[in-house]
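This briefing covers a ligand site, a contact between domains and some backbone features. The structure comes next, followed by the points by topic.

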Amino acid sequence: MLTLLKLLKDGRFHSGEALGVALGISRSAVWKQLQHLEAELGLTIHKVRGRGYQLRAPLTLLDPAGVAEYSPSSQWPVLVFDSLDSTNAEALRSIERGMAAPFLVLAERQTAGRGRRGRKWVSPFAENLYYSLVLRIDGGMRQLEGLSLVVGLAVMETLRDLGIAGAGLKWPNDVLVGEKKIAGILLELVGDPADVCHVVLGVGINVNMQEADEVDQQWTSMYLEAGRAFDRNLLVARLGGVLQEHLNRHQSSGFAVLQAQWEQGHLWQGRAVSLIAGVNRIDGVVMGIDGQGALRLKVDGVEKVFSGGELSLRLRDDS
Ligand code: BTN
């Protein structure tokens, strides 16, 4: 099925006969595979009598060689999958199998993309970026402090570099444009954080997505912000470059060296918010973050510090 897609990805018309010859199958088998492509991957294929079949828009698929072309100095092996349950899940399985970190797992789609706090991450085929970078951490807890904020900062800067000027951060690690989410980050950890462990830095970026009824929060994409499509291989390369640079600084000097840069990108500095922790809610005003990436909130006139993966922020109506 994906061999057929690769023939169609140029966005031009291809006759059923030519496709059948290229694949060594009958025209009716081509027809069946086309129907499969539409049903399985949600692609729209135009069928015009006398001309053949054409994808609604040309597709650029993820390709390790394409990524390498844009980032010749990167040392991270890149694994690309047509379809996965979740790139984070595959990354964890690869660690289990003994694959040596660092390495990067990408997929064209996820059937069970994971979001924070048990949410689903909507992951249609060939539209967005589903990215999991695996690192081996042997420097103890300090190397984990603020790590998810470092990833958020790298994603935000990459988006800004590519022209999404309004991209900003929401603690702990959402990337928004205005109040709409454009990227999310989910870190998963295996091993002993006090000794040797592996961390999966999972990043989802809405790249060329224009419609998605299933997303249950306000969202946008690079396409919707810039009015043009982006090459995801270039995005992988650019993100890798920025991430590598920030991870090096974080590893050698700790999160505190990136604290000011992170706060500059924080869209909710000084805003009145509610911090949600399960069923509990704390109202306060955002002061910023500390040198470990924890949130500083002024609550009833007193500054308090909060950290933890299950926390999330909402703007208050009076903010
Ligand atoms: C969030 O809820 O904001 C976090 C979303 C993280 C989604 C990415 S997509 C790549 C990686 N694989 C997953 O299953 N989740 C992360």
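Which atom of the ligand is 3.0 Å from an N or O atom in the side chain of Thr87? It is a nitrogen atom of the ligand. The model is a predicted one, in which local features need pLDDT of at least 70 and side-chain atom pairs count only at pLDDT 80 or more, while totals for chains, interfaces and linings use all residues. Residues are numbered from 1 along each chain as its sequence is written, and side-chain values use heavy atoms, with hydrogens and water left out.

**Ligand site**

- Polar contacts here are pairs of N or O atoms within 3.5 Å; within protein, one atom must be able to donate a hydrogen and the other to accept it, and residues adjacent in sequence count only if both atoms are side-chain atoms.
- Arg114 places a backbone N or O atom 2.7 Å from a nitrogen atom of the ligand, and for a backbone N or O atom of Asn88 the distance to a ligand nitrogen is 3.5 Å.
- On its own the ligand has 420 Å² of accessible area (Shrake-Rupley method, 1.4 Å probe; for residues, only the protein chains shown count as cover), and the protein covers 98% of that 420 Å².
- Around the ligand are 20 residues, each with a heavy atom within 4 Å of it; Ser86, Gln110, Arg114, Arg116 and Lys181 come nearest.
- The shell has six nonpolar, 10 polar and four charged residues, where Ala, Val, Leu, Ile, Met, Phe, Trp, Tyr, Cys and Pro count as nonpolar, Asp, Glu, Lys and Arg as charged, and the others, Gly among them, as polar.
- Helix H5 (87-96) and strands S5 (129-137), S8 (180-191) and S9 (197-205) each supply at least two shell residues; S8 gives the most, with four.
- Helices (H or I, at least four residues) and strands (E, at least two) are DSSP runs, numbered from the N terminus.

**Domains**

- An automatic or database assignment gives domain 1 (2-55), domain 2 (64-264) and domain 3 (268-315).

**Backbone**

- Most residues other than glycine have a negative phi, and most peptide bonds are trans.
- Arg117, in the loop between S4 and S5, has a positive phi near 50 degrees.
- The peptide bond from Trp171 to Pro172 is cis, with omega near 0 degrees.
- The bond from Ala101 to Pro102 is also cis, with omega near 5 degrees.
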